[in-house]
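Welcome! Let us walk through one protein model together, step by step, and meet some of its residues along the way.

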Amino acid sequence: MQKLTYRDSIGQLDRLLKRNEADQQSTRDGVLAIIDRVKAEGDAALRALTAQFDGCTVTNLKVSAEEIDEAFAAADPKLVTAIEKAADNIRAFHKKQLETTWTYEPAPGITLGQHITPIERVGVYVPGGKAAYPSTVLMDTIPAVVAGVSAIAMVTPPGEDGKINPNILCAAKIAGVSEIYKVGGAQAIAALAYGTETIAPVHKIVGPGNIFVATAKKEVFGKVAIDMIAGPSEVLVLCDGSADPEWIAADLLSQAEHDEMAMPILVTTDDAFADAVIDEVYRQIKADLRRKAIAKSAVDHFGFVFVCDDLDEAFELAGRVAPEHMELALPDAKAYLDRVQNAGAIFLGSYSPEPLGDYFAGPNHTLPTSGTAKFSSPLGTYDFIKRSSIIEYGEANLRAVADDIVTFAEAEGLDAHAKSIERRFRKKV
């Protein structure tokens, strides 16, 4: 891990955190070729690309009811129970986010408001590859179900046996997914956006994925809506030195094990504490991590420890990082909540570690990364609704403002706009 001072971050943070906004043209070219092929060849392209990238033959792209039954039979009952409990928590939290249609009357005869309707059909991408993530299934689909989306099509890469991990299928059934397809990568995003013989097109695509999935989402945006472009996972732990270094090291590693490009960051006001955490991180990697090679790579290349003079510097630096996850490992952490300006999720106190949010508490774990928490929010029910404006004026109300509207229209050179108003009040001959 790189140990730096607060002053090292001034004017250099983006360079230190390797935030590169340049397009990776070769990746984009490959993704565009895949999208064009899926548009032209449909299901045949999906089967061929699945064989090429996932090393398996898939005859039936859609998961059958029998396969879901087999998944429940194969899954660990203890895990199924945990999935059900987590689903209840996620469902309860996201119900609090629901918006409803509202109107008001600024004057007699005038009604204004918003009409809230769910998106009709949504696609959800669930990653495969290095691990299976039933938690992602829950987080990305339950808000859509709560919002009232009538059709949710989930896509996920099959294993070499051509099957979907049973834990993912169990989570999908518990969450309320209506369709599941055995396809991943950029080809899955293309299928959701443009449709094939088997997969009907959707109106919005959500869910994280690798660089090919993220690039494909960028390319189909406009044809469909997307949630966000997710980068590698990151956590920032802010401490004053009073926390247990063993716990803080474990929290940093909980993100480092995700991916070689994951970014664990410690911001502290105690130099000796910083050294203790760094030592503990490497001790834990060596001692008891199954994914130690991935975690060590992330820590070595993307792990940072910033030592600040005081908490003012610490919070200012944390705000510039705008992390996906921010842990406030401080005494009376809630008292500092107003000092957090930019973060995807905020974890308060030593008994609210990041994995609590990843799996179980209820708030969504699909979060803005790479500094986008400066302007983005976690996935929620609000991502699965549409807002339509409501406008109703009576005759007298329109007559009262007709001259103002005509004045605007004439100033903009839009005669038909003006006449739309004037013709309503012109005496008929």
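At 5% relative accessibility, Cys-56 counts as buried (under 20% relative accessible area; exposed means over 50%, and partly exposed lies in between, with a 1.4 Å probe and protein chains only). Keep in mind that this is a predicted model, in which local features need pLDDT of at least 70 and side-chain atom pairs count only at pLDDT 80 or more, while totals for chains, interfaces and linings use all residues. Residues are numbered from 1 along each chain as its sequence is written, and side-chain values use heavy atoms, with hydrogens and water left out.

## Aromatic rings

A pair of aromatic rings is described by the distance of the centres and the angle of the planes. Rings of Phe, Tyr and Trp (its six-membered ring) pair if their centres lie within 6.5 Å; planes under 30 degrees apart count as stacked, over 60 as edge-to-face and the rest as tilted.

| Pair | Centre to centre | Angle between planes | Kind |
|---|---|---|---|
| Trp-247 and Tyr-351 | 5.4 Å | 70 degrees | edge-to-face |
| Phe-304 and Phe-306 | 6.0 Å | 10 degrees | stacked |

Trp-247 sits in helix 11 and Tyr-351 in the loop between strand 13 and helix 15, so the pair links parts of the chain 104 residues apart. Trp-247 is partly exposed, with a relative accessible area of 37%, whereas Tyr-351 is exposed at 69%. Phe-304 is buried at 1%, and Phe-306 is buried at 0%.

Helices (H or I, at least four residues) and strands (E, at least two) are DSSP runs, numbered from the N terminus. Two strands pair if DSSP finds at least two bridges between them. Three strands form an open, antiparallel sheet in the order 2-3-14. Strand 2 (102–107) and strand 14 (385–393) are at the edges with a single partner strand each, so one side of each has no neighbour in the sheet. Strand 2 pairs with strand 3 (residues 110–118) over four bridges, and Thr-103 stands opposite Gly-113 in strand 3.
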